[in-house]
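I opened this entry to write down what I looked up, in the order in which I looked it up.

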Amino acid sequence: MIEFDKVKKIYPDGTEAIREFSLKVQAGEIVTLIGPSGCGKTTAMKMVNRLIEPTAGDIYINEKKVNSYNIHELRWNIGYVLQEIALFPHMTIGENISVVPEMKKWKGKKVKKRIDELLEMVGLDPTTYQKRMPRELSGGQQQRIGVVRALAADPDIILMDEPFSALDPISREQLQTDIKTLQKEIKKTILFVTHDMDEAMALGDRVCLMKDGEIVQLDTPQQLILNPKTEFVKNFIGERKSPWQTAVDVICDQLSSHVLTKEAFEQGNFDQNATYIVTDRNNMFEGVVSMGAIKPETLTLENDLPLYKAAALIQQHDNQHLFPVIKQGKLIGVLSNKKIVEYLRSKTTLENGVIQ
Amino acid sequence: MQEFINVFQDRRGQLLETIWEHLQISLLSLVIAIIIAVPLGLILTRYPRVAEPIIGISAVMQTIPSLAVLAFLIPFLGIGKVPAIIALTAYGLLPILRNSYTGIIGVDPALKEAAVGMGMNSFKRLSKVELPIAMPVIMAGIRTSMVLIVGTTTIAALIGAGGLGELILLGIDRGADINLILLGAIPAALLAIILDLILRGFERISKRAGFKSFVAMLLIAVLVVTSPFIFNSSQRADLIIGGKLGSEPAILANMYKLLIEEDTDLNVELETGLGKTSFVFSALDKGSIDIYPEFTGTAIVTLMEEEAESNDAKEVYEQAKTGMDKRYDMALLQPMAFNNTYAVATTEELADQYNLEAIGDLQAVEDEVTAGFTLEFNDRYDGYVGMQDVYNLDISNIRTMEPGIRQDALANGKVDIIDAYATDSYMVELNLVTLDDPENLFPPYQGAPLLRNETMEEYPELKDILNQLGGKITDEQMRQMNYEVDYEDRSPKEVAEEFLQDEGLLDN
């Protein structure tokens, strides 16, 4: 857990990088920091591993002030992924990964095992890649090693400073997917700085939108889109490249009349000809009912799936018209073709007769 | 070519010895320069504000000619290997310092941040990240410095440090003897190339092994180079006899040694070939050497900075003797007979062609002839300055050059007149004529042993021993002995011994 308590940073030249910053990142949560350049997002992040010292206020890790830790040990226990990737060019991939474990005086065997384990985790064959030099890898592969290096000594906290911004769009997307998959497994506390709204939305459990050293809005991605607090938030989100990249939970109908409780279903208290989504008392998704019976195979959509990916899946399921949107088993809303059309229509503007 | 091979075969022993000395001096200087400059460069990267001024200072040291550094150090450190190594070290600092600094500064800031962010301390960051990455740049600096030092070490021979410069300087002194010069220059170049290859090979190894191997290399180099010093720390001899560069001082110094050893049990060493007057005199003053043959004229003009009050040899000697005693607390013993004064010389043909007999005759042809003078002669009152004054001359073409090459310039027709020393061997070889000096502009230059009064008191017997040479050795004899050393390649010792035996000063 990371906690910022009324943190301020004023540089010697008088620049106020951080005004008053309070933020709590829960254990196992990803918070993405986003905002226009110069908003202080990177400064805020670098204060966690003390690359930058705050002028006022305190930062706590697991309820202990960061200053009370030995600075080197503190850093060994915080994974750090840089925008520039910054693998050490004179070391092999294996050596790069083992830097922190070796400083923590892990045994040789344990380090070796860990390298193999991590490389497999990101889909790189340990026997081939361990002895390679960083320059022999593609950019995407390099940053995968960058992430793995941060994970090497199994820290609880990971800081990521625009880690994918230097990559081409395809590698970037792949790495974002990897991080999401990985996070389900490793459950780290992650502070993730980005300037890409789509990335912030896709990865963050919560998104922290900053401006001029202050938090403008700290919310889940859906809330940010549905209930922007200020015009700035609205505009900033509006900078997204295309509505097709919007996550389905933003588009879906959260108050659908097509949701049926398990009890109502068991009592047969519904229209036999319509299609329903069935949930239990805790709103956990149970199944889809069509023509009075539970369908054996149904397509469900993960809440953070972007629309263009969802559309591809929907196309493959001709005989399904309602799609449950699910987050960790919980029903968030229902996506229908009608809702998609409505959303796309609402995001399209005409300017002098030209579609923008 | 055949000649070169002959010279090579004759001097194989000397060549090996000088190569070893050369290697020793250059490697030790290089290692010291590395030990100073690399850490300094690293420290400067942590204090970038003072970096530029300090690198600037080392750049200034680089611009001072190495010869000047050597001359500057003699009064403090004397002669021999130590001052040479210090001067060469100072000389080699800049490239290493600058490259170490820029190499480390040039490491990608992202890598430094990664290292810090991962929890490396300053030393770990340096040894694991910055040094290995900057290594190629630092090694480039070390290699540049190595070439500089190996090249400059040739000059160290001027202050008695030895090395391949001995051969080169000897070659220059003997009228640009091309074979001797090459015999010194080629191994020096090869040495630089081989060391460069070794350093490059080392660089390749250290890329992987990093900091530890760097330290290991330094240790090995230090051991290799200093072991002879450690095992060879013999006692200083009782007396060290010095001498300027050239055959004449070498012959005289050998005579002193032979005479002293004949009559006493003192342990005498020779340190000849010490370059110019100022070098040898500083060495005597400092106590690095104890005796050397000096000229009466030089003592007055150069050392005492006076003008000769007379042109009578005896009075000049008295003036020099008193002056040296008063001003420097040194004793100038009895002079030998020969007068190695300055003379203006030309070839017989030119003398006929221009009708030259006395210096004053030059006035008629002052716009036609080209003069080849040594820097020293050109700048002295008892040289060209006085010639302008006394004989009202203004020669339009004057080339200044090293003493060793002016006779060649004359022989090749590049110049028409030169300044010469009366007893120099090439007077014989080239059949030169000297122009008369009716106004007695050039004071007498008689050779005499110069030593500190302190030495005289310690070994009073030296006076009688060295005075045995007083009034001996005529111009003709001296010229002949010089000729034998310079052109017949006999050793100064042999020539000296033969003379002393002929004179009955030495038992056979």
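Before going on I noted the conventions. The model is predicted, local features need pLDDT of at least 70, side-chain atom pairs count only at pLDDT 80 or more, and totals for chains, interfaces and linings use all residues. Residues are numbered from 1 along each chain as its sequence is written, and chains are lettered from A and ligands numbered from 1 in the order in which they are written.

Helices here are DSSP runs of H or I with at least four residues, strands are runs of E with at least two, and both are numbered from the N terminus. I took Ala, Val, Leu, Ile, Met, Phe, Trp, Tyr, Cys and Pro as nonpolar, Asp, Glu, Lys and Arg as charged, and the others, Gly among them, as polar.

**Chain A against chain B.** I found 15 residues of chain A in contact with 13 residues of chain B. On the chain A side, α2 (71–76) and α4 (99–103) of chain A give two or more residues. That side divides into 10 nonpolar, 3 polar and 2 charged residues.

**Chain A overall.** I recorded 15 helices and 19 strands for chain A. Its C-alpha trace spans about 65 × 50 × 45 Å along the principal axes. Of its 356 residues, 39% count as buried; a residue is buried if 20 or more other C-beta atoms lie within 10 Å of its own, exposed if 12 or fewer, and partly exposed in between, with C-beta atoms placed from the backbone.

**A sheet in chain A.** I traced an open sheet of 4 strands with the order β2-β1-β4-β5 and antiparallel pairing. Its edge strands are β2 (16–25) and β5 (64–65), each pairing on one side only. Two strands pair if DSSP finds at least two bridges between them. Strand β4 (residues 56–61) of chain A pairs with β5(A) over 2 bridges, and A:Tyr60 stands opposite A:Lys65 in β5(A).

**One residue.** Is A:Glu263 buried or exposed? A:Glu263 counts as exposed because it has 11 C-beta neighbours inside 10 Å. I place A:Glu263 in helix α13 (residues 262–266) of chain A.

**Cores.** A nonpolar core is a set of buried Ala, Val, Leu, Ile, Met, Phe, Trp, Tyr and Cys residues joined through C-beta atoms within 7 Å. The largest has 211 residues, and those with the most contacts inside it include A:Leu335 and B:Ile159. Helix α5 (residues 81–105) of chain B gives the most to this core, with 12 residues. Apart from it I found another core, of 25 residues, among them B:Leu356 and B:Val415.

Notes. Two residues are in contact if their C-beta atoms, placed from the backbone, lie within 7 Å.
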